[in-house]
Amino acid sequence: MLRQFHSLPGLIAALFVIVLSVTGAILSLNPALERAGSVVVPATGQISVAELAGKVAEHYPGVNQIERTPLGTLIVYYTRDGQMGADRVDPRTGQSIAAYEPSSFSAWVKNLHRSLLLDMPGRAVAGIMALAMVVLAISGALLLAARLGGWRQLLRPVRGTLIQRLHIELGRAAMLGLLLSGLTASYLSATTFGLAPEGVAAEPEFPMEVSGGPPAAVDTLSALKATDLNDLRELVYPYPNDPTDMYSLSTDQGAGYIDQASGEWLSYQPHDATHRLYEFIYMLHTGEGLWWLGVILGLASLTVPVMAVTGPIIWWKRQQSKPKLAANSGPNAADSIILVGSEGNTTWGFARTLHDSLARKGHRVHTAPMNQLASGYRGAKRLFILTATYGDGDAPASASRFLARLEKMSNTPDLPVAVLGFGDRQFPRFCGFAKEVEAALAAKGWPQLLPLDTINQQSPQAFTRWGDAVSKAISTELTLIHTPTRPHTTTLKLGERVDYGADVQAPTAVLRFRAPENGSQPSLLNRLLGRTGLPPFEAGDLVGILPPDSHVPRFYSLASASKDGTLEICVRHHPGGLCSSFLHALPVGGTIEAFIQPNPDFRPAAGKAPVVLIGAGTGIGPLIGFIRHNKAHRSMHLYWGGRSPQSDFLYEPELNTYMEDKRLTELNAVFSRVSDSAYVQDKISVDAVQLRRLIEKGAQILVCGGRDMAASVMAAMDEVIAPLGMDVATLKAQGRYREDVY
Amino acid sequence: MKKLNLALALGLAAAITLPALAQAREVTFTTELKEYRGDGAYMALYLTDANGQYAGTLWIAGEKSKYYKHLRGWARGSGQRRSEYDGLSGASVGSGRSLTLTLDLADELFDAGYEVRVDTAVEDRRDNRYDVVAPLTTEGAGKPVSGRGYVQSFRYAF
């Protein structure tokens with residue numbers, strides 16, 4: 001629901017807010033530019049308006065009006081030889097600095113900003129957009145807090161695709177500025193349409209009588225003497241040779257008329273409080289008088305165009321991933337019920353796989369959001385609940401009312417239930433909501449079909465395993481093959497292979513694939529753009545490979561980036577493994593069907609902090625990719641474990657080259673089948689002092705390899721950093737400990 | 001371009017207490033603005049009597065009354081009373097554009113020391129009191145008068 005409050009105004013407003021924010025950013029520079037120009041602001045109490053007027057009179061006998069901008073620029077309007085002019089003047093001398101010519105570009109931008117050049121209808125649109133901005137800033141903040149697990153977690157690193165991170169990181173940085181801009185703009189717009197009071201600018205009584213004496217010199221007028229220059233807004237002179245005319249003076253405090261003979265106030269009216277509030281809000285919005293705030297708000301509004309583009313892209317992708325269910329039976333006709341708790345629709349994809357698989361076996365399946373839990377399913381024999389967790393153990397959008405509905409059910413149906421949770425182990429409350437649902441069902445006395453199972457990071461393999469368990473429980477052969485991103489495969493040709501490890505019963509191959517030539521030379525354009533015929537990917541991303549006669553892709557971590565011109569993976573041969581057997585038997589020139597699954601979280605973070613790379617066996621794949629691309633020579637430390645230096649020391653010559661050219665700072669290779677046998681976690685414990693020093697320097701740790709190795713490394717690492725008062729969970733929360741585990 | 005037909009005589013008569021209104025003539029006022037490259041100009045066209053005192057409003061260009069105080073000569077004379085300009089106001093006039101008004105004026109107003117004055121104001125730019133001062137005479141009809149501020153030229157004809 002909250003998400004709709006964010007998406008809907010965002011989609012409608014996107015185009016308009018781009019215009020408003022870009023023009024706003026341009027206008028925000030004006031106060032700073034004025035400030036950076038030749039503005040001299042004398043201290044309060046130094047120069048009175050009378051003194052200034054006296055000096056101005058020396059240089060401008062035909063002065064009509066003196067105006068002071070909120071930042072202190074003084075403008076003198078004068079008539080000379082029947083022609084009117086305006087100059088910026090120095091407040092200390094009254095001398096001209098330069099002719100004053102307001103920028104017509106600025107005026108145009110200002111009109112575009114406040115009325116889209118459409119006058120009142122445009123102002124109405126701009127006002128609505130200001131409100132939309134407020135709604136977007138607030139709903140965005142709430143979404144972000146929910147996503148990160150609470151307001152206190154608001155500064156935690158964000159995960160997601162590049163587009164998502166751009167949207168979230170920029171939004172987070174600019175949130176307060178945009179809220180301020182939106183609120184102040186809404187108020188200003190409301191005053192334009194008379195919906196909010198702007199107060200009354202001092203409107204002094206127009207004096208009917210003047211003393212009528214001979215005009216006194218302007219620098220002797222007592223009311224002007226009593227007014228400090230820094231309070232001046234505008235002084236308008238009487239029309240020349242009109243003894244019945246008078247000075248009108250407006251200041252920060254009020255306005256009035258001054259007798260040109262006596263120099264006394266003829267009338268005076270202070271500004272009312274509402275008007276002072278209006279002026280304060282006007283200043284907050286424009287930065288006129290507060291140039292640094294203007295710059296901050298301008299920078300904040302520059303993020304809006306990016307968010308206005310990334311936002312709809314995110315929305316579109318979410319729409320695309322919404323499932324289209326075929327043959328969805330009614331709740332009372334179905335024998336199998338699937339309830340889905342999903343925030344971003346990914347869980348729906350898994351639900352559909354289950355739905356289709358059951359339907360293919362002749363089951364009548366009803367799939368619905370968890371919020372649609374019914375009080376009874378007449379023909380149902382089993383219930384599946386597939387749910388993600390939102391933020392810190394909260395219910396995702398389509399399950400927000402599930403627990404309340406469950407609570408209200410008076411009698412528990414005889415319907416065995418299997419709960420499957422989806423989540424990311426790197427978050428502290430992994431599958432928290434699924435566990436809560438499981439507990440609530442148990443408390444209600446629901447029979448269990450299967451105990452709670454969990455899927456980490458949308459793992460298709462784990463889902464297939466759960467499918468096997470379901471098959472046994474319901475005595476129906478199900479094959480749950482789920483691919484989070486529909487494989488849109490590319491044919492690749494094996495260009496080169498290097499084999500290791502045959503002597504230590506760990507046959508491992510480094511395979512380098514290329515895009516097959518289309519018989520012709522790559523076009524000039526493609527060469528100029530660096531196109532290699534490969535889909536775009538970075539080291540650390542995953543490649544899904546479909547072995548012949550199989551629909552289940554196997555995923556391998558990539559050791560190269562597409563810009564290298566090859567797709568490189570490191571594959572260990574598992575006896576009986578379909579894909580690894582296929583790859584190990586593949587001759588040079590043989591082809592595979594492959595697609596890329598981005599894994600943006602597993603790569604070195606930007607910056608200069610040291611990087612500690614830890615892996616074993618084929619886990620070196622992405623790590624060697626990171627080292628290879630370490631052209632900036634940041635400090636990189638590799639801990640890697642193999643079996644025997646003679647047989648399976650993967651990439652040995654390359655690693656030595658990288659040591660020499662400083663792409664790799666330190667190489668720690670340990671082997672388990674030698675006389676002083678050691679595992680990688682042992683080496684980590686030995687190097688505790690050095691590792692602590694690196695962590696203190698802000699090092700990031702990237703671990704790649706098998707599940708058992710990763711667990712041992714994590715345990716060893718916890719001990720290493722305990723003296724620092726930290727643990728791996730803290731590092732994970734900070735985004736400094738990342739794993740690619742299989 | 002504004003094309004207006006207003007029987008101004010009654011309003012003015014009240015203001016300047018003319019004894020009779022036997023005759024009136026249709027007068028067209030044309031005010032051309034310079035290319036000053038700013039927002040639309042607010043303008044006040046009004047009459048002053050032989051003593052230079054405000055006598056009545058011909059037209060106010062500009063829709064927001066909160067800015068009328070910048071038309072200083074007129075604001076002072078009229079006291080910005082709504083009754084002075086009720087039904088006699090319209091949109092502001094853009095840079096380089098012109099305003100044409102057609103009004104019925106009593107014959108007694110001609111050659112009697114009355115002057116047409118134009119005050120102008122533009123957002124973020126200076127205010128011009130008495131941008132144009134043109135005596136209202138039979139002889140002066142059709143003769144353009146230059147403005148000192150945003151007005152390029154002003155003339156009236158009948």
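**Entry 1: two helices of chain A**

I began with helix α1 (residues 2-36) and helix α4 (residues 119-148) of chain A, which pack at an angle of about 135 degrees with their axes 8 Å apart. The model I am reading is predicted. I noted that the crossing of α1(A) past α4(A) is left-handed.

Next I looked up which residues make this contact. On α1(A) I found, among them, Phe5(A), Ala13(A), Phe16(A), Val17(A) and Leu20(A). On α4(A) the list includes Val125(A), Met129(A), Met133(A), Leu136(A) and Leu143(A). By class, I recorded 16 nonpolar, four polar and one charged residues in the contact of α1(A) with α4(A).

**Entry 2: the UniProt record**

I checked the record for chain A. The unreviewed UniProt entry lists residues 12-33, 124-149 and 290-316 of chain A under "transmembrane region". I looked at two of these stretches in the model. Residues 12-33 of chain A are 100% helix and 0% strand, with end C-alpha atoms 34 Å apart. Residues 290-316 of chain A are 96% helix and 0% strand, and there the end C-alpha atoms are 40 Å apart.

**Entry 3: chain B against chain A**

I turned to the contact between the chains, which takes 14 residues from chain B and 12 residues from chain A. On the chain B side, α2 (72-78) and β8 (127-135) are the elements that give two or more residues. β8(B) gives the most, with three residues. I sorted the chain B side by class and got no nonpolar, four polar and 10 charged residues.

Note on methods: Residues are numbered from 1 along each chain as its sequence is written. Chains are lettered from A and ligands numbered from 1 in the order in which they are written. This is a predicted model: local features need pLDDT of at least 70, side-chain atom pairs count only at pLDDT 80 or more; totals for chains, interfaces and linings use all residues. UniProt positions are given in the numbering used here, feature names are shortened, and annotations may be inferred rather than shown by experiment. Helices (H or I, at least four residues) and strands (E, at least two) are DSSP runs, numbered from the N terminus. Two residues are in contact if their C-beta atoms, placed from the backbone, lie within 7 Å. Ala, Val, Leu, Ile, Met, Phe, Trp, Tyr, Cys and Pro count as nonpolar, Asp, Glu, Lys and Arg as charged, and the others, Gly among them, as polar. Axes are lines fitted to C-alpha atoms, for helices over the stretch in contact, and angles run from 0 to 180 degrees between N-to-C directions. A crossing is left-handed if the near helix is turned anticlockwise from the far one by less than a right angle, and right-handed if clockwise.
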